[in-house]
Amino acid sequence: MEIQQLHLSDPSGVERGLAAAASFAADLVLVFAGVRFFEHAGFAASLAAHFPTAIRIGCSTAGEITQTGVSDGTCVITLARFAHTRLRVASTVLQCMDDSFAAGERLAQQLTGPGLRTGIVLAPGVGINGSALLKGLIHVLGPTTPLAGGLAGDGGAFRRTFTLTPEGVSEHAIVALGFSGDHLVFGHGSFGGWEPFGPSRRVTRCSANVLHELDGEPALSVYRSYLGEYARDLPASGLLFPFAMVDEGRHELGLIRTILGIDESTGSLILAGDIQAGGYLQLMHANTDRLVDGAERAAASAGESAARSVAATPADQPATPPGLTLLVSCVGRKLVMGERVDEEIEAVRTRLASGETVTGFYSYGEISPFTPGVACELHNQTMTVFRLAES
């Protein structure tokens, strides 16, 4: 597996940057960039012109990730060439939020086939039910196919997000990439670092990802009562105070839900993923040190599962050969950490193999198994780590 990476600061420099790398015979072109790149006329056409035989996928972000840290409004293009791995791309157009489950099924039907081992999914960050999308994918692929990826961002505005498919740039397309092959080495990790506060509340009325009532009271009113002065900045301030899903014994289930919007007319909260009727929610808050520790734990988990995936290779093969690490972290974590956000990227790098290439983005939802070997979930407020290499 060979990798080359471009980091461009302005849309006007895309053509020049691509031309300089055009001699690299890429199988995959993976793009994470600020909205202005996707809005720039000819962006997708330039990628297609310079890499016509490569699979080209990506999405807009709320921050771009490379080895050196985090940037905003830039463009990170990662080129990869595989020696043994087979790639298969799938895409579909999301008709509306209620189409999310069916869209997942359509994607999975295009991906499914002999030898599929793992995949990446990139989807719009607004107007989608990410949990339903994952359920549709799992309904066809089964619960044992691990997926990575996330929901696109637009710098925290929650207005217009974009994805890149082989057909071009879209506000409504979902794209997935499947990986097959016996030489594939991969691992997943996911961890938060948020702390609960206040009592847990029972979900007395909800509809998919819309929370109407907590303990019989309008959810928006309950939420505002906890936020105090932060309530005036809703829904943006909701990124700082997500919900943890907990069971009847008030034990965390490993899933966090971010508030993406509010409905004043109904007193409801619109969450990034589904919640359980009759279940319990508890507010969360965080500090930078715990979030950085959570990022390192996610990287460690990904490394351990990657090592297990090559356990049967000859003894002279490195346990985790250098390759590509995809980081998808929540925009809420970025807001909490502020100027210290680079620290969570550095924490991940301490757990990576020498020579590893890092790419990724800050998202509106993260896709990963909670722990290796279990079904994928839509996460919020987590750092997810996907390591990919060839033995």
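Is Leu291 buried or exposed? Select that residue to begin: at 0% relative accessibility, Leu291 counts as buried, a word that here means under 20% relative accessible area, with exposed meaning over 50% and partly exposed lying in between (1.4 Å probe, protein chains only).

Before moving on, note that this is a predicted model, in which local features need pLDDT of at least 70 and side-chain atom pairs count only at pLDDT 80 or more, while totals for chains, interfaces and linings use all residues. Residues are numbered from 1 along each chain as its sequence is written, and side-chain values use heavy atoms, with hydrogens and water left out.

**Around Leu291**

Leu291 is found in helix α7, residues 288-309; helices (H or I, at least four residues) and strands (E, at least two) are DSSP runs, numbered from the N terminus. If you show the contacts of Leu291, leaving aside its neighbours within four places in sequence, you will find Gly192, Gly193, Trp194, Ala286, Arg333, Val336, Met337 and Glu344, where contact means heavy atoms within 4.5 Å. Select Met383 next, which is 92 residues from Leu291 in sequence, with the two C-alpha atoms 8.5 Å apart in space.

**The whole chain**

Zoom out, and the chain shows nine helices and 27 strands. Its radius of gyration is 20 Å, close to the 21 Å that the globule rule gives for 391 residues, so the chain is as compact as a globular protein of that length; the radius is taken over C-alpha atoms, and the rule is 2.2 Å times the number of residues to the power 0.38. Along its principal axes the C-alpha trace spans about 60 × 50 × 40 Å. Of the 391 residues, 57% count as buried, and among contacts with a separation of 6 or more, 80% are between residues 24 or more positions apart.

**Gly178 in a strand**

Now select Gly178, which belongs to strand β12 (residues 173-180) and is buried, with a relative accessible area of 1%. Beyond its neighbours within four places in sequence, Gly178 touches residues including Arg86, Leu87, Arg88 and Leu111.

A search of the whole structure finds three cavities of 30 Å³ or more. On a 1 Å grid over the protein atoms alone, a cavity is a set of points where a 1.4 Å probe fits but cannot get out, and lining residues have an atom within 4 Å of a point; grid points are joined across faces, edges and corners, and a volume is the space filled by probe spheres set on the points.

**Loops to finish**

Follow the chain into the loop between α6 and β18 (243-246), where Ser237 is found; Ser237 is buried, with a relative accessible area of 5%. In that loop you will also find Pro235, and the peptide bond from Leu234 to Pro235 is cis, with omega near 5°.

Two further stops have a positive phi in a residue other than glycine: Phe158, near 60°, and Ala208, near 55°. Phe158 sits in the loop between β9 (147-151) and β10 (163-165), and at 21% relative accessibility counts as partly exposed. Ala208 sits in the loop between β15 (201-207) and β16 (210-214), and at 38% relative accessibility also counts as partly exposed.

Definitions and conventions:
On a 1 Å grid over the protein atoms alone, a cavity is a set of points where a 1.4 Å probe fits but cannot get out, and a pocket is an open set with protein on both sides within 12 Å along at least five of seven lines; lining residues have an atom within 4 Å of a point.
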